[in-house]
Every structure is written in C-alpha cells, then in structure tokens.
Amino acid sequence: MARTILLDKLTGQPRTRAELADVLADREIPDEVADEVLDRFTDVGLIDDAAFANAWVESRHRGRGLGKRALAQELRRRGVDDELARDALEELDSEQEEQTARELVRRKLRSMRSLERQVAMRRLLGMLARKGYSGGLAMSIVKQELDASHDEFPLLDSSGLEAE
C-alpha cells in the first residue's frame with residue numbers, strides 16, 4: 001500500500017522525501033514500513049532531494065523571479081536538508097540573481113509613471129524584499145533603474161509635477 005501511495009504522489013510532480021514521509025504518516029503507514037519503502041525509492045532514484053532542490057531553484061527563480069532567501073525558505077518548508085538547499089542555491093550565481101531582479105524592477109517601473117519617486121522606490125524595494133532579494137542588492141538596483149529610466153518614465157516629484 002505504501003508503494004502505491006508514493007507512486008501516486010510522485011506521478012503528479014516531484015516531491016521531497018520529507019513530503020512523502022508526511023503523506024505516509026497521514027495515511028497511518030507504520031514508520032518502519034514507511035522508512036523501508038522510502039529508502040528503496042531513494043536507492044532506485046525515484047526520490048532525489050538534491051535533484052529536486054536544483055530543479056526547484058532553477059524553476060522558481062526563472063518563473064517567479066525569486067531570490068536566494070525566498071528560495072531557501074521554500075526549500076526548508078518542503079523538507080530539503082539545509083546542505084542540499086545550500087548546494088542548489090550556489091548554482092544560482094549572483095550575476096543571474098542581479099539580472100533577474102533588474103528585469104523585475106524594469107517591468108514594474110512601466111506601471112509607475114504617475115507615482116512620486118519615493119513612493120516608486122518604496123514599492124520596488126518592497127517587491128524585491130518579498131521575492132527574497134537582499135536589501136543592499138535591492139537598493140542598488142532600484143536606484144540605478146530609477147535613474148536610468150527617468151527619461152523614458154519620468155516620475156513625479158512631491159509637487160505632482162514631473163521631476164527634472
């Protein structure tokens with residue numbers, strides 16, 4: 001029965017060993033049986049937390065633009081070992097993370113033409129923080145992109161007029 005449950009869960013999407021162990025516990029499969037089946041699935045490669053973590057980081061960074069901090073939290077929540085998570089996050093280089101953050105800011109800036117510069121900056125920093133980017137990186141990118149986009153997307157100053 002445990003094998004059937006695991007195969008069913010692995011059919012939809014990859015899962016971590018911890019997630020699968022929780023499923024077996026919820027279905028009241030005895031711990032010794034669950035461990036034996038999980039070990040067997042790991043031995044034959046059906047459960048591979050390292051591969052899961054690498055694929056998760058790549059997918060969530062590319063698809064949702066998440067930074068390392070948010071990705072680490074998600075992996076921890078899904079039961080990935082801290083060392084495996086750290087290894088997967090090291091695959092995401094700082095240049096790639098910076099480029100993704102820059103693209104997120106540029107995309108968001110298009111809808112901020114009518115905002116004051118400080119409001120736009122606060123919102124952009126908040127967006128990057130929620131996506132797991134460090135404060136220093138976020139501040140640097142937001143300032144650079146606000147300065148670079150001023151001609152194309154002039155933001156309002158505190159008087160409600162376009163800033164000069």
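**Reading the helices and their contacts**

Tutor: Glu-98 and Arg-102 both belong to helix α7, where they stand four residues apart, about one turn of the helix. The model in which they are found is a predicted one.

Student: What makes the meeting of Glu-98 and Arg-102 a salt bridge?

Tutor: The term requires a side-chain nitrogen of Lys or Arg within 4 Å of a carboxyl oxygen of Asp or Glu. Between the side chains of Glu-98 and Arg-102 the N to O distance is 2.9 Å, so the pair meets the cut-off. The placing in the helix can be set beside a general point: an α-helix has 3.6 residues a turn, so residues three or four places apart point the same way.

Student: Which residues are linked with Glu-98 in a network of salt bridges?

Tutor: Glu-98, Arg-102, Arg-106 and Glu-145 are linked in that network, and the structure as a whole holds nine salt bridges.

Student: Why is the pair of Arg-17 and Asp-39 said to tie parts of the chain together?

Tutor: The side chains of Arg-17 and Asp-39 meet in a salt bridge, at 2.7 Å from N to O. Because Arg-17 lies in helix α2 and Asp-39 in helix α3, the pair ties together parts that are 22 residues apart in sequence. Arg-17, at a relative accessible area of 25%, is partly exposed, and Asp-39, at 37%, is partly exposed.

Student: What about Glu-19 and Arg-78, whose side chains meet in a salt bridge: where in the chain does each of them lie?

Tutor: Their side chains meet at 2.9 Å, N to O. This pair links distant parts of the chain, with Glu-19 in helix α2 and Arg-78 in the loop between α5 (68-77) and α6 (82-90), 59 residues apart. Glu-19 has 17% relative accessibility, which is under the cut-off, so Glu-19 counts as buried; Arg-78, with a relative accessible area of 16%, is buried by the rule of under 20%.

Student: How do you know that Lys-131 has no salt bridge?

Tutor: The nearest side chain of opposite charge is Glu-74, and Glu-74 is 9.0 Å away.

Student: How many aromatic pairs does the count come to, and what are the rings of Phe-52 and Trp-56 to each other?

Tutor: The count comes to one aromatic pair. The rings of Phe-52 and Trp-56 have their centres 5.5 Å apart and their planes at 20°, so the pair is stacked, the cut-offs being centres within 6.5 Å and planes under 30 degrees apart. Both residues lie in helix α4 (residues 49-64), four residues apart, and both Phe-52 and Trp-56 are buried.

Student: Which residues of helix α1 are buried, and what do they line?

Tutor: In α1 (residues 2-12) the buried residues are Ala-2, Ile-5, Leu-6 and Leu-10. Seen down the axis of α1, these residues fall within an arc of 125°, so they line one face of the helix. On the other side of α1, Thr-4, Asp-8, Thr-11 and Gly-12 are exposed, while the cover over the buried residues includes α2 (17-26) and α3 (31-43).

How values were computed:
Residues numbered from 1 in each chain as written. Predicted model: local features only at pLDDT ≥ 70, side-chain atom pairs only at ≥ 80, totals over all residues. Heavy atoms only, no water. Buried < 20%, exposed > 50% of the residue type's maximum accessible area, 1.4 Å probe, protein only. Lys, Arg positive; Asp, Glu negative; His and termini not counted. Phe/Tyr/Trp six-rings, centres within 6.5 Å; stacked < 30°, edge-to-face > 60°. Helix = DSSP H or I, 4+ residues; strand = E, 2+ residues; numbered from the N terminus. Arc of directions from axis to C-beta. Contact = heavy atoms within 4.5 Å.
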